[in-house]
Every structure is written in structure tokens, then in C-alpha cells.
Amino acid sequence: KEDDTVSYGIGDVVNVEDVEYLVSNVSVTKSVGDQYLSNNANDTYLVIDISITNHGNEALSISDSFFKLLNGGNEYSTDSTGAIYLGDTSIIYKEINPEVTLQGQIIFDVPEAVANDMQTQLQVQTGYWGSATEVISLSR
């Protein structure tokens with residue numbers, strides 16, 4: 001490698017301070033929900049299966065600000081409407097006690113080209129101020 005930056009991808013454990021992230025799957029869909037209650041994306045949903053382990057000594061509340069999608073210089077935020085239709089699998093605003101792992105999903109509503117672009121990356125952070133971040137490639 002040319003530089004010292006570590007490169008993470010799907011299936012890699014990524015430590016950001018005392019929080020561990022693991023992206024296990026990425027899917028692209030036009031709608032989320034079930035047969036009774038569903039929601040269509042404005043464009044395309046990118047749904048990320050992720051597990052988060054809290055190695056800190058206090059409970060951690062997962063905020064939507066912990067996640068950003070990066071592509072071509074643009075930053076995309078999670079989609080709060082889509083998250084509602086994920087139901088219990090959405091991890092936003094859930095709390096994790098010390099040494100507990102939370103598995104679930106985060107969702108972004110993005111242009112279809114971004115959702116399918118193998119250059120698209122997920123930025124994960126710890127804390128509301130985003131003092132520590134890492135980037136995970138969503139290439140699949």
C-alpha cells in the first residue's frame with residue numbers, strides 16, 4: 001500500500017474508540033416495510049446490515065449522526081422515514097449497554113447510481129461531536 005490508512009470493507013470489524021462496527025450486508029431496494037405498511041424511496045434505498053458493540057463503560061445511545069454515506073464528494077444522511085418502516089430492525093435511537101452487541105439496520109435514500117456505486121463508503125463515528133471516525137467501503 002502507498003499510505004498508512006487502513007481500508008475496511010464489508011465483514012471487517014472496525015473499532016472507533018470504544019465502539020466496534022461490523023457491516024455484514026448491503027442491499028438496494030425501492031421500498032421498505034411489510035405487506036401492510038410500506039414506504040417507497042424518493043429515489044433508492046440503500047439498507048445496511050450492521051452490528052455495533054459498546055466496549056465503553058456507559059450505555060451508548062445510537063444517533064443517526066453516527067452514520068454518513070460518502071460518494072463523489074457528497075455526504076448523505078440516514079433516512080428517518082425509511083427507518084420507521086424498518087421497524088424493530090432499525091438501530092437509530094436504540095441504547096446499548098457496556099459489552100453488549102446490537103444488530104440491526106440503517107437506511108439511506110439516495111440516487112440509484114450512488115446506491116449501486118462500489119465506490120460508495122459508510123462513515124461511522126463515535127459520540128455526538130463525531131470526534132472519531134472511520135470509513136467502511138461498501139464495495140460488494
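Two residues are in contact here when heavy atoms of theirs lie within 4.5 Å. With that in hand, let's walk through this structure, which is a predicted model: local features need pLDDT of at least 70, side-chain atom pairs count only at pLDDT 80 or more, and totals for chains, interfaces and linings use all residues. Residues are numbered from 1 along each chain as its sequence is written, and side-chain values use heavy atoms, with hydrogens and water left out.

**Around strand β1**

- Helices (H or I, at least four residues) and strands (E, at least two) are DSSP runs, numbered from the N terminus.
- T126 belongs to strand β9, residues 121–126.
- Setting aside neighbours within four places in sequence, T126 is in contact with V16, E17, D18, V19, Y21, S131 and A132.
- T126 also makes a polar contact (a pair of N or O atoms within 3.5 Å; within protein, one must be able to donate a hydrogen and the other to accept it, and residues adjacent in sequence count only if both atoms are side-chain atoms). A polar atom of the T126 side chain lies 3.0 Å from the backbone oxygen of V16.
- Is T126 buried or exposed? With 6% relative accessibility, T126 counts as buried; buried means under 20% relative accessible area, exposed over 50%, and partly exposed in between (1.4 Å probe, protein chains only).
- V14 sits in strand β1 and, at 0% relative accessibility, is buried.
- The C-alpha atoms of V14 and E134 are 7.5 Å apart in space, although the two residues are 120 apart in sequence.
- Not counting residues up to four places away in sequence, V14 touches Y8, V19, E20, Y21, E134 and I136.

**Two residues with a positive phi**

- Most residues other than glycine have a negative phi.
- E17 has a positive phi of about 50° although it is not a glycine. E17 is in the loop between β1 (13–16) and β2 (19–33), and is exposed, with a relative accessible area of 57%.
- E99 has a positive phi too, of about 60°, and is not a glycine. Its place is the loop between β7 (95–96) and β8 (101–110), where E99 is exposed at 53% relative accessibility.

**Aromatic rings**

- Rings of Phe, Tyr and Trp (its six-membered ring) pair if their centres lie within 6.5 Å; planes under 30 degrees apart count as stacked, over 60 as edge-to-face and the rest as tilted.
- How many aromatic pairs does the structure hold? There are two.
- Y21 and F67 form an edge-to-face pair, 6.1 Å centre to centre with 85° between the planes. Y21 lies in strand β2 and F67 in strand β5 (residues 67–71), so this pair ties together parts that are 46 residues apart in sequence.
- The rings of F66 and F67 have centres 6.4 Å apart and planes at 45°, so that pair is tilted.
- Ring pairs link Y21, F66 and F67 into a cluster. Y21 and F67 are both buried, and F66 is buried as well.

**Nonpolar cores**

- A nonpolar core is a set of buried Ala, Val, Leu, Ile, Met, Phe, Trp, Tyr and Cys residues joined through side-chain atoms within 4.5 Å.
- The largest core has 31 residues, of which Y21, I48, F67, F108 and L122 touch the most other members.
- At least two residues of this core come from each of β1, β2, β3 (38–54), β5, β8, α2 (112–116), β9 and β10 (132–137).
- Another core, of seven residues, lies apart from the largest one and includes A41, V47, A83 and L86.
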